[in-house]
Amino acid sequence: MLTKRDLFRSAAAIAAGAAIARPSRLMAQSYPGIIEAKDIAEEGFIYGLPLVMNYAVMHEFAVDPKSSQFKAPFNKIDNLNHVATYEDTAVVTPNSDTPYSILWLDLRAEPMVISVSAVEKERYYSVQLIDGNTYNFGYIGSRATGNVPGSYLVVGPDWKGEKPAGISQVFSSTTPFVFANFRTQLINVEDMPNVEKVQAGYKAQPLSAFLKQPAPPAAPKIDFLPATTSGIKDNFFQYLDAALQYVPETPRDKEIRAKLTKIGIGPGKTFELKDLSLEHKAEILVGMKQGDDKIDKWLASGNKPINGWNVSSLLGDEAFYNGDWLLRAGAAKAGLYGNDAAEAMYPFTRTDATGEALDGSKHNYTLTFPAGQLPPVNSFWSVTIYDGKSQLLIKNPINRYLINSPMLHGMEKNKDGSLTLYIQKDSPGVEKAANWLPAPNDTIYLVMRLYWPKTEAPSILPAGKGTWQPPGIHVAK
């Protein structure tokens, strides 16, 4: 994930060489001044961060077969028969509760149909539909449509038509490329064969095949700009320029898109970014850093702090964000591809209950749920630990990245009925091993996940105002 320490090259060093640089051949054209360019870069970074992150993941997952993160080409489902581990590095704060089935859709030629078989009532599953704007524009699954079989049509921004026979619901994307993210609950390690049976019931096919009609002409091949998540820090605006080719402009982003063209970004750009003077390039780097700082500041203060946890509702559809690019950027940086609040809530923290930074190299910690006050959910909950800098899972001796409610039967409760989790880098001992969440020998980032949170009291909803609150983390005594 992006960090201020390594995201930006030294703007001062670039500026230092500006005095001997020749003026750009485009300086005589209508061209933003240095300060305006910096301001556009700051605003553009905030607007573009989710789009760039999404584009890089799409390229690694569906475009580049040589990528270590490649899953399957467009319109093909890749069922992952394992949960995320420390080796999964394309997406920050990966979920290790539910084996994923990964499907990237190309809707340019025609819509795609996603079909699901019946899923046993006690097993949670969901299909989250995310477009290139990182809007969650639709859900299939236990909460949204039930565990019954069905077929669902996913259409691009230019599609016009009526709902075909045999289709339960139509979902409309703002972009031609869509990430369909399947989550299937894994009850325990021995449950994986049952998860695989559920995954085998997932199907994706073009609408023409579903209707048994001739297929339309294929969409033209695209030479995507190569991108990796690790390359974002060095190629941000190049990646944003590439991503915007496949994100149609809307009334909500028309103003910022027009500004970006002034510095050479987007389909309607007025010149090439590479033709900027060194002074302009230096100020654009300053603007990017200011944008990143603003996102971090918003994340630190834009959430409701409860016992050291940040509790908020950061994710949703286009209407939910309503052009609030800072909210959208904060959501992506906190955890790309997270769910709507109704589907899952994500209290997260980097501090203990007193506000001190969590650091596994300095302290052991405890998290105690009082008797009768476990997270209130219709499905299940978990607490996942990540490296505080990268927000990725941590290699550890017992291959445990989380503790969740299906593990409760094997855990030790306190005499008063409360449940304590031991968050530390070294084992707390045999008697407490079942309750151990291995921590990094460094800073810690914790995310609690409440799948299908209850709406009746006690509830974490509405976000930040609910009758249930996550308990604070304390330094172990």
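Tutor: Contact here means heavy atoms within 4.5 Å, and buried means under 20% relative accessible area, exposed over 50%, partly exposed in between (1.4 Å probe, protein chains only). Helices (H or I, at least four residues) and strands (E, at least two) are DSSP runs, numbered from the N terminus. This is a predicted model, in which local features need pLDDT of at least 70 and side-chain atom pairs count only at pLDDT 80 or more, while totals for chains, interfaces and linings use all residues. Residues are numbered from 1 along each chain as its sequence is written, and side-chain values use heavy atoms, with hydrogens and water left out.

Student: Which residues of helix α4 are buried, and how are they placed around the axis of α4?

Tutor: An α-helix has 3.6 residues a turn, so residues three or four places apart point the same way. In α4 (residues 192-200), the buried residues are M192, V195, V198 and Q199. Seen down the axis, these fall within an arc of 110°, so they line one face of α4; the arc is that of the directions from the helix axis to the C-beta atoms. K197 and A200, on the other side of α4, are exposed.

Student: Which residues of α7 are buried, and which elements do they pack against?

Tutor: I256, R257, L260 and T261 are buried in α7. Their arc around the axis is only 145°, which puts them on the same side of α7. They pack against α3, α6 and α10, whereas the face turned away from this buried side carries the exposed K254 and E255. After α7 comes G264, with a positive phi near 85°.

Student: How many residues does the largest nonpolar core have?

Tutor: A nonpolar core is a set of buried Ala, Val, Leu, Ile, Met, Phe, Trp, Tyr and Cys residues joined through side-chain atoms within 4.5 Å. The largest one has 78 residues, and W104, F236, F237, L240, L260, I284 and L314 have the most contacts inside it. Elements that each supply at least two residues of this core include α3 (34-63), α6 (232-244) and α8 (278-301). The largest share, 16 residues, comes from α3. Not counting residues up to four places away in sequence, F236 touches G44, F45, G48, L49, V52 and M288.

Student: What is the volume of the second largest pocket, and which residues are closest to its centre?

Tutor: Rolling a probe the size of a water molecule over the atoms shows where empty space is left. On a 1 Å grid over the protein atoms alone, where a 1.4 Å probe fits, a pocket is an open set of points with protein on both sides within 12 Å along at least five of seven lines; lining residues have an atom within 4 Å of a point. Grid points are joined across faces, edges and corners, and a volume is the space filled by probe spheres set on the points. The second largest pocket has a volume of about 540 Å³. Of its 21 lining residues, V83, L186, N188, V189 and M407 are the closest to its centre.
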